[in-house]
Amino acid sequence: GAIPQAEALPSITPSYQNLSIDSIQNVADFSHQERDFSLDLNWRLAGGYTLTSTTEHQNEREHLVQDLFATDIWEWGTLFGGPPFTPAAGNPPGLDDSQAQEIKVTQTSEELKLVSPNSGQFNYVLGAFYSDTKVDLIEKRRFPGGPPPGTPFYGVDCLLHGAAFCQRVTPDTATYDLYGRSTWKFASSTSLVTSLRYNYDALSYNWFQLTQSGLGPFTSSGKNNSSTVLGDISLQQQFQPDWMGYVTYARGYSPAVYDTGAVLGSNATVQPVGKENIDHFEIGSKGTYFDQRLMVNVALFDTEYHHYQIEYYQNNGSLTPPLVLSGNGGARTRGLELDTAWQATNLLRMNVSLAYINAIFT
C-alpha cells in the first residue's frame with residue numbers, strides 16, 4: 001500500500017517553496033581535486049604576422065551520493081512488496097535507495113593560430129586545434145547483503161561491496177581541427193566574412209557493468225572515427241560609420257556520442273548515436289546613434305537541427321524505465337532578439353534585452 005505522507009516525509013510540508021528534504025542518506029556532492037593550467041605564448045613574426053599558442057589542461061575529481069527517492073525510509077522494501085522500513089523499525093532491509101558516483105574528468109587542448117597583418121582590405125586567421133577529453137565514471141547502487149545503509153562505498157572496487165547496479169565506463173573523445181577565417185572588404189562599405197573548418201573526431205570507450213538482475217558482468221569496448229566540414233558566410237554592409245547590417249549562414253554540428261547511460265545486455269560493441277547537424281540563418285543590424293549614447297542591436301534568426309540528439313525515457317512497462325539517447329529527432333528555433341543600451345546621463349546607463357523565441361520539436 002501507499003506510504004503515509006507523515007511517515008515518508010516527516011516534518012516536511014510539500015510545496016513549491018519547500019527547500020528541505022528528510023533523507024536517510026548522507027547526500028553529498030564534493031570535489032576532491034580540481035586543477036587547471038593554461039599557457040598563452042605570442043610571437044611577433046616578420047611582416048606583421050602573429051603566431052599564438054594556447055595550451056590548457058584541466059583535471060577534476062568529484063564524488064556524488066544521492067537518495068533516489070529523497071525520503072526518510074528505505075523505499076525499496078515497500079515498492080517490491082515488503083513492509084515500509086523506517087529507522088525506528090529496527091529491521092533495516094538489505095537494499096536501500098542510495099546511489100554513488102565517482103567521476104574523474106581530464107581534458108588537454110592545444111591551439112596554434114596565425115593572424116595576418118591588418119591590411120584593411122583582406123585579413124585572415126589560420127589555425128589548428130587539438131583536444132582530448134577522458135572521463136572515468138564509477139557508479140554503484142546497493143543490493144541485499146551489501147554494507148549497512150549509510151556506509152560510504154564510493155572510491156572502492158565494485159566487487160568489494162554488493163551492488164544492485166555497478167559500472168565503470170571510460171569514454172575518450174579526441175578532436176583534431178584545421179580552420180581558416182577571412183574578412184574581405186571588396187567595396188568601400190561592403191565586406192564578406194567566411195570561415196571553413198575541418199573536424200576529425202575520434203571516440204572510444206571501455207565499459208564494465210553488473211546489473212541488479214544477476215546479468216553479467218558484461219564488458220564492452222569500441223571505437224568510432226568521423227570527419228565533418230563546417231563553416232559560415234556573412235555579408236556585411238556599412239550603412240553609416242556607426243551602423244551596419246548583415247546576413248549570415250552558419251553550419252554547425254554536435255559529434256557522434258556513445259550512450260554511456262544505457263544498460264548493457266551483452267559484451268557486444270555499442271553503436272554510437274550519430275552526429276547532429278545544425279543550419280543557422282540570421283539577418284540583423286548593429287549600430288550606435290545620437291553621439292553613441294544609444295546602442296541598438298537586433299537579429300532575426302532561424303536555426304534547424306537535424307538528427308537532434310535527445311534523451312527520453314523508454315516506456316518498457318518497468319518501474320524505472322531506462323533513459324535512452326537518440327539521434328533521430330528534429331528541432332527548430334526561430335525568433336527575434338533585441339539588445340539596447342542608453343547612456344541617459346553621465347551617471348545613468350539603462351540596458352534592455354528582449355527576445356521572442358519559438359522552439360519546437362519537428
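A salt bridge is a side-chain nitrogen of Lys or Arg within 4 Å of a carboxyl oxygen of Asp or Glu. Keep that in mind, please. This structure holds nine of these salt bridges.

Some ground rules. This is a predicted model, in which local features need pLDDT of at least 70, side-chain atom pairs count only at pLDDT 80 or more, and totals for chains, interfaces and linings use all residues. Residues are numbered from 1 along each chain as its sequence is written, and side-chain values use heavy atoms, leaving out hydrogens and water.

Now the overview. The protein has two helices and 13 strands. Those are DSSP runs, numbered from the N terminus: helices are H or I with at least four residues, strands are E with at least two. The protein has 362 residues, and 33% of them count as buried. Buried means under 20% relative accessible area, exposed means over 50%, and partly exposed is in between, with a 1.4 Å probe and protein chains only.

The accessible surface comes to about 21400 Å². Carbon and sulfur atoms own 57% of that surface. Areas come from the Shrake-Rupley method with a 1.4 Å probe, and for residues only the protein chains shown count as cover.

Next, contacts, meaning heavy atoms within 4.5 Å. Take those with a separation of 6 or more: 63% of them are between residues 24 or more positions apart.

Back to salt bridges. Which residue does Arg-251 pair with? Asp-279, and their closest N and O atoms are 2.8 Å apart. This pair links distant parts of the chain. Arg-251 sits in strand E9, residues 243–254, and Asp-279 in strand E10, residues 276–289, 28 residues apart. Arg-251 is partly exposed at 29% relative accessible area. Asp-279 counts as buried, at 11%.

Then look at Arg-334. Asp-302 forms a salt bridge with Arg-334, with the closest N and O atoms 3.1 Å apart. Asp-302 lies in strand E11, residues 294–313, and Arg-334 in strand E12, residues 323–343, so the pair ties together parts that are 32 residues apart in sequence. Asp-302 counts as buried, at 18% relative accessibility. Arg-334 is partly exposed, at 37%. Glu-304 also meets Arg-334 in a salt bridge, at 3.9 Å from N to O. Glu-304 is in strand E11 and Arg-334 in strand E12, so this pair ties together parts 30 residues apart in sequence. Elsewhere, salt bridges with shared partners join Asp-132, Lys-134 and Asp-172 into one network.

On to the core. A nonpolar core is a set of buried Ala, Val, Leu, Ile, Met, Phe, Trp, Tyr and Cys residues, joined through side-chain atoms within 4.5 Å. The largest one has eleven residues, among them Ile-103, Leu-137, Leu-203, Tyr-205, Trp-207 and Ala-256. Which strand gives the most to this core? Strand E7, residues 190–210, with three residues. Ala-256 has contacts beyond its neighbours within four places in sequence, including Leu-203, Asn-224, Pro-272 and Gln-309.

Now the rings. How many aromatic pairs does the whole structure have? The search finds eleven. Rings of Phe, Tyr and Trp (its six-membered ring) pair if their centres lie within 6.5 Å; planes under 30 degrees apart count as stacked, over 60 as edge-to-face and the rest as tilted. Trp-184 and Phe-186 have ring centres 5.2 Å apart and planes at 50°, so the pair is tilted. Trp-184 is partly exposed at 40%, and Phe-186 is partly exposed at 40%. Tyr-205 and Trp-207 have ring centres 6.1 Å apart and planes at 90°, so that pair is edge-to-face. Both Tyr-205 and Trp-207 are buried. Ring pairs also link Tyr-49, Phe-122 and Tyr-124 into a cluster.

A nonpolar patch includes Phe-122, Trp-184, Phe-186, Leu-235 and Tyr-356, and the whole patch has about 880 Å² of accessible area. Patches use residues with over 30% relative accessible area and no salt bridge: like charges are joined within 9 Å, and nonpolar side chains (Val, Leu, Ile, Met, Phe, Trp, Tyr) within 5 Å.

Last, the backbone. Most residues other than glycine have a negative phi. Asp-291 has a positive phi, near 60°. Asp-291 is in the loop between E10 and E11, and is exposed at 76%. His-307 has a positive phi of about 55°. His-307 lies in strand E11 and is partly exposed at 45%.
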